[in-house]
Amino acid sequence: MRCAAPPRLANWLLERFGTTSRLHSLLGDLAEEYANGRSRGWYWRQALGTVALDSVRTLRTHAHSLSFIVTSVTGAKRRDRTREDAFAWVARVRRGLRADEASQLQEWLKRRSHRECIARLAAEGDSPETLAVLGEIFLINPEWIDAPQRRSPAINVLAALAATFISALPLIYTHHYVPGLILGPAIEGSFTETMGTVYASDRRTTRRVVLADGTHVVMNRATRMIILYINNWRSVLLTRGEATFTVARDPLRGFELAAGGHLIRTVAGTFNIHLTGKDAMELTVLEGTVTVFPAHASAAGAPVALEGGTNLPVPRQLNARQMLISEPGTESEKSLSQLQAQARIAWQG
Amino acid sequence: MGRREFLSQHELLVMLAVLRLGREAYGVPIGAEIAERTGREMLLGSVYATLDMLERKGLVASRLGEATSKRGGRAKTYFKLTAMGLRELREAQRGLQALSEGLPELQGVQS
């Protein structure tokens, strides 16, 4: 057994440039092998090889960001103009898009730079609901959200104005964030890997998940959901299948679930939701109270065009042992006996 | 895994080595097992990077082991296959067997 310490410079290089999450164990393994008689040359090969591998991996991961930095050196004026436009669109999305605006936005979003810009703005504005709507229209690259850019002073003023405008509209928002309703059907996967944590169960087994806030979810087979907890929001998007949520009470953060073109909100309670079709769902409330914002505009198939001051659709309050069966444009509800309610979740076994 | 992904060759090698080693599966023996059985030397850093990836996919699970003075006080990380990992491995093996069956060029190559 060798007593000399491993090369310190090699260790420093690994500690400084190694990116594996198991660096501590890797260094331990190297030390152990070195103590067992491996040569300094072997040690150096391992250290340099690992640093080189990790660097290549890091470069690959950030190639997109690097190319963005290079291109951002030029065209500053065009970029500012794009950001001004993006601010205006974010505010409109918050307010709720009119029919003509929806098509204009989709046209504007054809440019990749516009998509990136608006996604960054929504992320900088800490606006998960806007990001969720945008995520329905186009695929948001996670790096756009992870690496916010520096703003110019002029843009800061615009940001402050937009924030003031936006903060005056929280009530309007609550009736507008209905994925699949404002701008057409959700694109599966767009909202997901980019922003939240994706949970999926396979076709053969159910799955139980405990979320960070203590909310329990039992997922039926072939179910997929995305969890996004940001600051004051606990948002879930159910894109496929069926799940039972036992929502933990959190006085500071509301819980909302978007599914089948509806938005469901609760403070605490247990409910089962089953997506029965593209824009159809079956909601069974087992405990507590949930509020359902119906897909009021989907019957006509047109985008929502509500202005501030317009009568907003009345949400439905469902209490324990009630079921809402909903299809585009129609909602019906009925009361259930305890046995009937339990039968709804018999799939849990 | 939300979307079906195929295992890479590195992932397959590392998973098989983890399975062979059982409770003793940590970085050094995993690398040694692969070297001994395939003649292919893998960097320890590469072994760990692959294990990182497999853990993110839910195919292996890890636990911290003992720290010794020989290791500079650093704990070992032991790995084992999850049920999903084992299933993926079986499916990969079935696929390989189905593809290689009846190929005269591969006759007598298997040890």
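This is a predicted model: local features need pLDDT of at least 70, side-chain atom pairs count only at pLDDT 80 or more; totals for chains, interfaces and linings use all residues.

Start with the packing. The largest nonpolar core has 33 residues, and Leu238(A), Ala243(A), Leu257(A), Ala259(A), Ile273(A) and Leu283(A) are the ones with the most contacts inside it. Several strands of chain A each supply at least two residues of this core, among them those in the table.

| Strand of chain A | Residues |
|---|---|
| S5 | 233-240 |
| S6 | 242-247 |
| S7 | 254-259 |
| S8 | 262-277 |
| S9 | 280-293 |

Of the contributors, S9(A) gives the most to this core, with seven residues. For a close-up, pick Leu257(A): leaving aside residues up to four places away in sequence, Leu257(A) touches Val236(A), Leu238(A), Phe245(A), Ile264(A) and Ile273(A). There's also a second, separate core of 29 residues, which includes Leu13(B), Ala17(B), Ala25(B) and Tyr48(B).

Now for where the chains meet. Here 18 residues of chain B are in contact with 23 residues of chain A. On the chain B side, helix H2 (27-38), helix H3 (44-56) and strand S2 (75-81) each supply at least two residues. H3(B) gives the most to that side, with seven residues. By type, the chain B residues that touch chain A divide into seven nonpolar, six polar and five charged.

Ala222(A) isn't a glycine, yet its phi is positive, near 50°. Ala222(A) sits in the loop between S3 and S4 of chain A.

Note on methods
Residues are numbered from 1 along each chain as its sequence is written. Chains are lettered from A and ligands numbered from 1 in the order in which they are written. A nonpolar core is a set of buried Ala, Val, Leu, Ile, Met, Phe, Trp, Tyr and Cys residues joined through C-beta atoms within 7 Å. A residue is buried if 20 or more other C-beta atoms lie within 10 Å of its own, exposed if 12 or fewer, and partly exposed in between; C-beta atoms are placed from the backbone. Helices (H or I, at least four residues) and strands (E, at least two) are DSSP runs, numbered from the N terminus. Two residues are in contact if their C-beta atoms, placed from the backbone, lie within 7 Å. Ala, Val, Leu, Ile, Met, Phe, Trp, Tyr, Cys and Pro count as nonpolar, Asp, Glu, Lys and Arg as charged, and the others, Gly among them, as polar.
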